[in-house]
Amino acid sequence: MSSLNLTLSTREVGGRTVVAVGGEIDVYTAPKLRDTITELVAAGTYHLVIDMQGVEFLDSTGLGVLVGGLKKVRAHDGSLELVCNADRLLKIFKITGLAKVFVIHESPEAALA
């Protein structure tokens, strides 16, 4: 099972929480990311930056988790922005129309500027 292929780390930067994700976000690993987002929101963290620079693979389950996370933070007037600069992942966001839904930055620095 590929749940071993997902790494998550969180850090606070200027009032926002950066969740750095590495590996594959798929049907097996997506619940781990969903749980992390749910726990952060439950703890009162409503401004998230999901750093996907280390993500090698993303499927529809992963997209669903990101959309779900966005809905969760928006319920609290929060924000969920993405850091993604891999063409193959950006293509997925464009094809699905989610490039218009998410604010996508090229780097964590740009996201936190």
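I began with E81, which sits in strand β4, residues 79-83. The model I am reading is a predicted one.

Buried or exposed, I asked of E81? E81 has a relative accessible area of 16%. The cut-off for buried is under 20%, so E81 counts as buried.

Next I listed the neighbours of E81, leaving out residues up to four places away in sequence. E81 touches R16, L48, V49, I50, V103, H105 and A111.

I searched the whole structure for salt bridges and found one. It joins the side chains of R16 and E81, at 3.9 Å from N to O. I then checked where the partners sit in the chain. R16 belongs to strand β2, residues 16-25, and E81 to strand β4. The two are 65 residues apart, so I noted the bridge as a link between distant parts of the chain. I looked up burial for the pair as well: R16 and E81 are both buried.

I turned to the aromatic rings. How many aromatic pairs does the structure hold? I found one. The partners are F93 and F102, with ring centres 6.1 Å apart.

Last, I checked accessibility for each ring's residue. F93 comes out at 0% relative accessibility and counts as buried. F102 comes out at 4% and counts as buried too.

How values were computed:
Residues numbered from 1 in each chain as written. Predicted model: local features only at pLDDT ≥ 70, side-chain atom pairs only at ≥ 80, totals over all residues. Heavy atoms only, no water. Helix = DSSP H or I, 4+ residues; strand = E, 2+ residues; numbered from the N terminus. Buried < 20%, exposed > 50% of the residue type's maximum accessible area, 1.4 Å probe, protein only. Contact = heavy atoms within 4.5 Å. Phe/Tyr/Trp six-rings, centres within 6.5 Å; stacked < 30°, edge-to-face > 60°. Salt bridge = Lys/Arg side-chain N within 4 Å of Asp/Glu carboxyl O.
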